[in-house]
Amino acid sequence: MDYSIKTIGVVGAGTMGQGIAQVCAQAGFSTILYDINPAVLSQARQVIEQSWQRAVEKGKLTPEQKNEAGKQIVFTSDLQQVKADLIMEAIIEKLEVKQNLLTELATINQPSTILASNTSSLPITSIAAKVPFPERVVGMHFFNPAPIMPLVEVVSGLNTNTKVADTIYEIAKQLGKSPVRVQDSPGFIVNRVARPFYTESLKVLEENVADIPTIDALMRATGFKMGPFELMDLIGVDVNFAVTNALYEAFYHDPKLRPSRIQKQKVDAGYHGRKSGKGFYDYF
């Protein structure tokens, strides 16, 4: 089967979803951004518009390019309207939730529609297992912030059709990204290698070796653009915690991947980082 991608649907209008939708529309694809929560959708529209306006002010986009990109994107809270050649989900890191969503999207769309997951930790093989035509399910893992970060991991599950993975690889290049091919494995490449950046920093904090600003400052001084706590706040403390938990389970409770009690406390309190106004730092 040949896959022609003209329309892209993005499900989930949080930080990652809105960033992916912005990139798709800016690249000239007809884009549908869906979220069940109209308030989240409205905020996403505002954030995307502001991002494009800043790009114009910095000379990275012309006003004409901004207007054209704006014409490419549709916002909806009706899942029935999410009909596309490629659909990317960017929702909560819970296997059953992702399976149910992709199964519902499969019933709305044609068998030729590619269903991609932006999961950063869950196995693509497991996500695809209960989805009709699992060979069209693939991983397309962007990094935060999606409009800026160039890397995209293209993840092939056990059943992923080679042509599907090839198509996603080419789409990523059309979006101006630098794709890499990855086989299905817990955490793929980046999250597996980078996990100790977070877990060891949290252990240093737990053991009162240094406070949060000091740890972040030291890591920036060694060449990192952001410290671990700044980055967790940007990604979402809840999202980061969910990924750590998933990898901890996938690697049979490897001690170096042990989740942090401090991070869990933040999640339980609703301190999810920049998106909630409070995380390891305050953003009010």
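## Packing of helices α2 and α3

Helix α2 (residues 38-57) packs against helix α3 (residues 63-71) at an angle of about 160 degrees, and their axes are 9 Å apart. Helices (H or I, at least four residues) and strands (E, at least two) are DSSP runs numbered from the N terminus; axes are lines fitted to C-alpha atoms, for helices over the stretch in contact, with angles from 0 to 180 degrees between N-to-C directions. The two helices α2 and α3 are therefore roughly antiparallel, a term for angles over 145 degrees. Their crossing is right-handed, that is, the near helix is turned clockwise from the far one by less than a right angle.

On the α2 side, the contact (heavy atoms within 4.5 Å) involves Glu-49, Trp-52, Gln-53 and Val-56, and on the α3 side Pro-63, Lys-66, Ala-69 and Gly-70. Four of these residues are nonpolar, two polar and two charged. In this scheme Ala, Val, Leu, Ile, Met, Phe, Trp, Tyr, Cys and Pro count as nonpolar, Asp, Glu, Lys and Arg as charged, and the others, Gly among them, as polar.

## Basis of the model

The model is predicted: local features need pLDDT of at least 70, side-chain atom pairs count only at pLDDT 80 or more, and totals for chains, interfaces and linings use all residues. Residues are numbered from 1 along each chain as its sequence is written, and side-chain values use heavy atoms, with hydrogens and water left out.

## Helices α10 and α11

Helix α10 (residues 237-250) and α11 cross at roughly 130 degrees, their axes coming within 9 Å. The crossing of α10 and α11 is left-handed, with the near helix turned anticlockwise.

Val-237, Asp-238, Asn-240 and Phe-241 of α10 meet Gln-263, Lys-264, Lys-266 and Val-267 of α11. This contact has three nonpolar, two polar and three charged residues.

After α11 comes Gly-270, with a positive phi near 85 degrees.

## Backbone features in loops

Most residues other than glycine have a negative phi, and most peptide bonds are trans. Phe-133, which is not a glycine, has a positive phi of about 55 degrees; Phe-133 lies in the loop between α5 (124-128) and β6. Asn-144 and Pro-145 are joined by a cis peptide bond, with omega about -5 degrees, and Pro-145 is placed in the loop between β6 (137-142) and β7 (151-156).

Technical notes
Angles under 35 degrees count as roughly parallel, over 145 as roughly antiparallel, 65 to 115 as roughly perpendicular and the rest as oblique.
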